[in-house]
Structures are given as structure tokens and as C-alpha cells.
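Please walk me through how to read this model, one feature at a time.

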Amino acid sequence: HLQGSILVVTHGEAVRTSVNLLQPEATVYEVKHCSYAVLTKKEDSRLQQDGKQERLLAPQRDVSAPGQGMQQWSLACTSGSTGISWFS
């Protein structure tokens with residue numbers, strides 16, 4: 001399981017798609033040169049038997065179909081803040 005950060009360098013259409021996978025109702029209307037989307041991996045907090053909280057990364061999901069596996073990710077940026085603009 002990945003426990004660090006990930007950096008993906010790609011083209012504008014993939015940046016647009018990263019927003020639409022997480023917010024399907026969003027309309028991306030601008031992707032500037034060198035824009036990017038910041039995503040964060042959701043964590044799952046569980047109580048251990050001794051009462052301490054255990055922080056786990058969300059479990060991996062099947063990513064064989066488009067959009068599958070994205071449930072564990074969320075956008076950590078706002079429209080326009082990283083060069084990509086959208087509205088919902």
C-alpha cells in the first residue's frame with residue numbers, strides 16, 4: 001500500500017479528468033498551461049482494542065473500470081487555485 005505522496009505529470013485532458021472523476025457534476029471550463037489538481041487520500045480511523053486510535057489508509061479498490069478506486073481520494077484544491085477552473 002502506498003503511504004507517501006504521488007506525483008503524476010501528464011497532459012491537460014488528464015488534469016481535467018482527475019477533477020471530473022472526483023466531482024462528476026463539475027464542468028471544467030479552463031485548464032491553463034502547467035495546471036494541476038491536488039488530491040489527498042482519505043484515511044480510515046479505527047479504535048484498537050486498547051482504546052488508541054489507529055490511522056489507516058483507505059483500503060485499495062478494484063480499478064479495472066474507469067472511475068473505480070477513486071472513492072479513497074478527494075480534491076484538496078479549489079477551482080482556479082492551481083490553474084484548473086470548474087463549477088458545479
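**Reading the model**

Q: What is the mean pLDDT of the protein?
A: This is a predicted model, in which local features need pLDDT of at least 70, side-chain atom pairs count only at pLDDT 80 or more, and totals for chains, interfaces and linings use all residues. Residues are numbered from 1 along each chain as its sequence is written, and side-chain values use heavy atoms, with hydrogens and water left out. pLDDT is the predictor's confidence in each residue, from 0 to 100. The mean here is 76, and 62% of the residues reach 70 or more. Over residues 58-64 the pLDDT is below 50, and this stretch has 15 contacts (heavy atoms within 4.5 Å) beyond near neighbours in sequence.

Q: Which residues make up the largest nonpolar core?
A: In soluble globular proteins, nonpolar side chains tend to be buried together. A nonpolar core is a set of buried (under 20% relative accessible area, 1.4 Å probe, protein chains only) Ala, Val, Leu, Ile, Met, Phe, Trp, Tyr and Cys residues joined through side-chain atoms within 4.5 Å. The largest has 10 residues: Val15, Val19, Leu22, Ala26, Val28, Trp73, Leu75, Cys77, Ile84 and Trp86. Helix 1 (12-22) gives the most, three residues. Helices (H or I, at least four residues) and strands (E, at least two) are DSSP runs, numbered from the N terminus.

Q: Is Cys77 buried or exposed?
A: Cys77 is buried, at 12% relative accessibility. Cys34, by contrast, is exposed (over 50%), with 63%.

Q: What is the phi of Cys34?
A: Most residues other than glycine have a negative phi. Cys34 has a positive phi of about 70°.
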